[in-house]
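Here are some notes to read alongside the structure. Take them one point at a time, and find each residue in the view as you go.

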Amino acid sequence: MEDTKYKNGDALDFIMNMSSVPSKLPENLELLRTRVLCNNDAPQHTDTIQYSGAYAALGVDNSLRLDNFCKNFKVEVKKLTDEIIEFDMIGIDPALANAFRRILIADVPTMAIERVYIANNTSLIQDEVLAHRLGLVPINADPRLFEYPENAGDEKNEKNTIVFKLHVRCPNKIGQPRITVKSGELKWLPNGSELLGENRKPNAGSQTSFSCSQDSIPQFSDNPPRPQYSDIILAKLGAGQEIELEVHAVKGIGKTHAKWSPVATAWYRMLPEVVLLKDVEDELAEELKNKCPQNVFDIEDFGSGKRRATVKNPRDCTLCRECIRGGKDWEDRVALRRVKDHFIFTIESTGALPPEALFTEAVKILEEKCERVITELS
Amino acid sequence: MEHGSFSDQSKSTFSLVDEDHTFANSVRFTLNQDPRVTFVGYSIPHPSDNRVNIRVQTTGDPAREVLKDGCQELMLMCQHVRSTFDKAVSDFKIKAAKTKTVDEDSDDDMDSE
Ligand code: SF4
């Protein structure tokens, strides 16, 4: 098995190395294909070359071969906490990286408060403003356990609605200080709404019609639905003021309203590449090191009092271009570039799902989109 | 929905509802890399209209099939991205757990000695 694999690889290598099949671009074109040149006035060659025949005249095939992609694609996780993941995605086109970013922000579902039933609100904050503030509170509940409300034809059942209640009263005493209502006051009602419905049907006594308690869902036994943070300020109450309300959280996506976005934000940047084109020595090296606010450069001593600048951590470069300001001389010494297919991707989760699960969900959603179009076309 | 001619199936415009740049730009990327495609592009006729038009012209194959292949390709790429990512994350977690237990172990050693 292993052997045949090798043989096939060899055969392919042999064909690719034949003189009539130039598989590589000349160095200068390769540079323009894979790097953005960040010049003093403006970045250059920012496009990615996508067209399969772009280099046909040179006899180089620019078409995408899946096995090629699989061979070159790499992921390296740099940092992973409960809230943030930072990873490098190497060997992918911006079209796809950007699709993942867009999906993370606008297409991955979460649960968020959609309806607020206010029984009493004598606080200073108006009903509608309070409702809006409630909507933006991130809810810690796995959206994969719920359905979209449209699926149930507007019926609010245990599969699509999470109900919370909030009831706070500030005692009416002289000298009573103001109290702060925080998101931790939202109490989960696993049996559904306790308010009476408007059109009272015989068996639907409340706003929701739960056929069973959400308590019984195994995932909730040790991790009940709750606001992700219990210290978000919702309102302040003076003596004698009271808020009593009930909220319904439903599943939705960020495209409809930003409150459903599962990420605080998701972004990527291309890997910076800083190259010294000439040796930069002694005072100039000192000057270069001091120019950079990000401490990208370092100075290397190589005996007999000679010093030379080196590039220590190009990853920290923000591309402020300070190092190439100060005349043509500097532009000739330092080249700033970005690697077109190396993305430093960061995802900050709001808490419903861990950040690594969010990315997996996002990729799955793009797959579903493809599948949908394929079935539509067949 | 497909808009094209019956006599020449190699050129068509596909009008997809409920899609946007996310999907259209990705599929434009995969189609651009397909040697059978001579032209591919997309447009969103109106921002408040929830649809995108994808134009595909090929060297002769039916545009519909080529577009389907493009979607298929995109899907396979996604699957590869997902498996690579999952593997990278689990590797990272194992590594993190290891360094943690190594730390704890050395602590234990200190205690026992
Ligand atoms: S562009 Fe700015 S951050 Fe980057 S190396 Fe130059 S001075 Fe430093």
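1. Let us begin with one residue, A:Asp93, which sits in the loop between β4 (84-90) and α4 (94-106) of chain A. Please keep in mind throughout that this is a predicted model. A:Asp93 is buried, yet it has no salt bridge. How far away is the nearest side chain of opposite charge? That side chain is B:Arg28, and it is 6.8 Å away. A salt bridge needs the nitrogen and the oxygen within 4 Å. Leaving aside neighbours within four places in sequence, A:Asp93 is in contact with A:Thr48, A:Gln50 and A:Phe343, and also with B:Phe29 from the other chain letter.

2. Now turn to chain B as a whole. Chain B has two helices and four strands, and along the sequence they follow the pattern β-β-α-β-β-α. Of its 113 residues, 40% count as buried. Among the contacts in chain B with a separation of 6 or more, 58% are between residues 24 or more positions apart. The accessible surface of chain B comes to about 6300 Å², and carbon and sulfur atoms hold 52% of that surface.

3. Back in chain A, look for an open sheet of four strands in the order β5-β12-β7-β9, with antiparallel pairing. Its edge strands are β5 (110-121) and β9 (187-188), each of which pairs on one side only. Helix α5 (residues 127-135) of chain A packs on this sheet and touches β5 and β12 (242-252). The direction of α5 makes about 150° with that of β5(A).

4. Strand β7 (residues 162-169) of chain A is joined to β9(A) by two bridges, and the two strands run antiparallel. Which residue of β9(A) is the bridge partner of A:Phe164? The partner is A:Trp188. As background, strands of a sheet pair through backbone hydrogen bonds, either parallel or antiparallel.

5. Next come the charged pairs. Side chains of opposite charge can pair when their charged atoms come close. Over all chains, the structure holds 33 salt bridges. One of them joins A:Asp107 and A:Lys255, at 3.6 Å from N to O. A:Asp107 lies in the loop between α4 and β5 of chain A, and A:Lys255 in the loop between β12 and β13 (263-276), so this pair ties together parts that are 148 residues apart in sequence. A:Asp107 counts as buried because its relative accessibility is 9%, while A:Lys255, at 41%, is partly exposed. Both residues belong to a network of salt bridges, together with A:Lys369, A:Arg372, A:Glu376 and B:Glu19.

6. A second pair to look up is A:Lys306 with A:Glu281, whose side chains meet in a salt bridge of 3.6 Å, N to O. This pair links distant parts of the chain, 25 residues apart: A:Lys306 is in the loop between β14 (297-301) and β15 (307-311), and A:Glu281 is in the loop between β13 and α6 (282-291) of chain A. A:Lys306 is partly exposed at 34%, and A:Glu281 is partly exposed at 28%.

7. A:Asp332 and A:Lys328 form a salt bridge at 3.1 Å, N to O. They are four residues apart in helix α7 (residues 328-333) of chain A, so about one helical turn separates them. Is A:Lys328 buried or exposed? A:Lys328 counts as exposed, at 56% relative accessibility, whereas A:Asp332 counts as partly exposed, at 30%.

Note on methods: Residues numbered from 1 in each chain as written. Chains lettered and ligands numbered in written order. Predicted model: local features only at pLDDT ≥ 70, side-chain atom pairs only at ≥ 80, totals over all residues. Heavy atoms only, no water. Buried < 20%, exposed > 50% of the residue type's maximum accessible area, 1.4 Å probe, protein only. Lys, Arg positive; Asp, Glu negative; His and termini not counted. Contact = heavy atoms within 4.5 Å. Areas by Shrake-Rupley, 256 points an atom, 1.4 Å probe, with all protein chains shown as cover. Pairing = 2+ DSSP bridges. Axes fitted to C-alpha atoms, helices over the stretch in contact; angles between N-to-C directions.
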